[in-house]
Amino acid sequence: MQKILLPVDDSENALRAVRHAAALVHANPAVQLTMLHVQEPIEPRMHAQLTHAEIHAMQERDAARILEPLRRVLDEAGVRYRDEWRAGPVAQTIADYAHETGCDAIVMGTRGLSAIGNLVMGSTAIKVVHLASVPVTLVK
């Protein structure tokens with residue numbers, strides 16, 4: 001069984017990546033699809049104002065807000081999947097998750113930075129390509 005990791009955010013390109021992943025699963029129903037949303041860590045000053053439980057609840061609400069419309073796309077397509085969220089440096093967390101869970105491939109959208117933007121600050125997608133030990137398909 002092939003395992004595909006589908007990292008998502010709230011971009012249009014993430015929605016296109018979800019649709020592409022759904023098509024891959026339809027072409028090969030043995031694919032195990034995991035949709036993952038990763039949030040940047042909370043700023044240290046927030047830790048002084050909120051409890052760990054409050055921070056976790058806030059991050060969980062944010063993840064649900066982002067995952068819910070994408071879940072509907074996969075549900076309407078009749079695709080089996082599981083979803084999770086994590087907090088951490090986004091690209092590194094995606095690459096680590098793929099390694100830890102034995103994923104065979106990553107399918108993800110790009111945020112659409114210009115070529116200059118990618119050169120100057122990089123993008124999460126480019127960082128994942130460099131950090132991941134499995135093939136990465138970028139959906140624009």
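Ala 98 lies in helix 4, where helices (H or I, at least four residues) and strands (E, at least two) are DSSP runs numbered from the N terminus. This is a predicted model, in which local features need pLDDT of at least 70 and side-chain atom pairs count only at pLDDT 80 or more, while totals for chains, interfaces and linings use all residues. Residues are numbered from 1 along each chain as its sequence is written, and side-chain values use heavy atoms, with hydrogens and water left out.

Ala 98 is buried, with a relative accessible area of 4%; buried means under 20% relative accessible area, exposed over 50% and partly exposed in between, for a 1.4 Å probe and protein chains only. Leaving aside its neighbours within four places in sequence, Ala 98 is in contact (heavy atoms within 4.5 Å) with Leu 5, Cys 103 and Ile 106. By contrast, the C-alpha atoms of Ala 98 and Asn 13, which are 85 residues apart along the chain, are separated by 20 Å.

Helix 4 is followed by Gly 102, whose phi is positive, near 70°.

The sheet itself is open and is formed by five strands in the order 3-2-1-4-5, with parallel pairing; two strands pair if DSSP finds at least two bridges between them. Its edge strands, each pairing on one side only, are strand 3 (81–87) and strand 5 (136–139). From one strand to the next, the twist averages 25°. Helix 4 packs on this sheet by touching strand 1 (3–8), strand 2 (32–39), strand 3 and strand 4, and its direction makes about 150° with that of strand 2. Helix 6 also packs on the sheet, touching strand 4 and strand 5, and its direction makes about 170° with that of strand 4.

Within the sheet, strand 1 and strand 2 run parallel and are joined by six bridges, with Lys 3 standing opposite Gln 32 in strand 2. Five of the six residues of strand 1 are buried, so this strand is largely enclosed by the rest of the structure. Strand 4 (residues 105–109) and strand 5 also run parallel, joined by four bridges, and Ile 106, a contact of Ala 98, stands opposite Val 136 in strand 5.

Two helix pairs complete the picture. The axes of helix 4 (residues 90–100) and helix 6 (residues 124–131) come within 8 Å and cross at roughly 40°, where axes are lines fitted to C-alpha atoms, for helices over the stretch in contact, and angles run from 0 to 180 degrees between N-to-C directions. That angle makes helix 4 oblique to helix 6, since angles under 35 degrees count as roughly parallel, over 145 as roughly antiparallel, 65 to 115 as roughly perpendicular and the rest as oblique. In this contact, Val 90, Ala 91, Gln 92, Ile 94 and Ala 95 of helix 4 meet Thr 124, Lys 127, Val 128 and Leu 131 of helix 6. Helix 1 (residues 12–27) and helix 3 (residues 52–76), with axes 10 Å apart, pack at an angle of about 25°, which makes helix 1 roughly parallel to helix 3.
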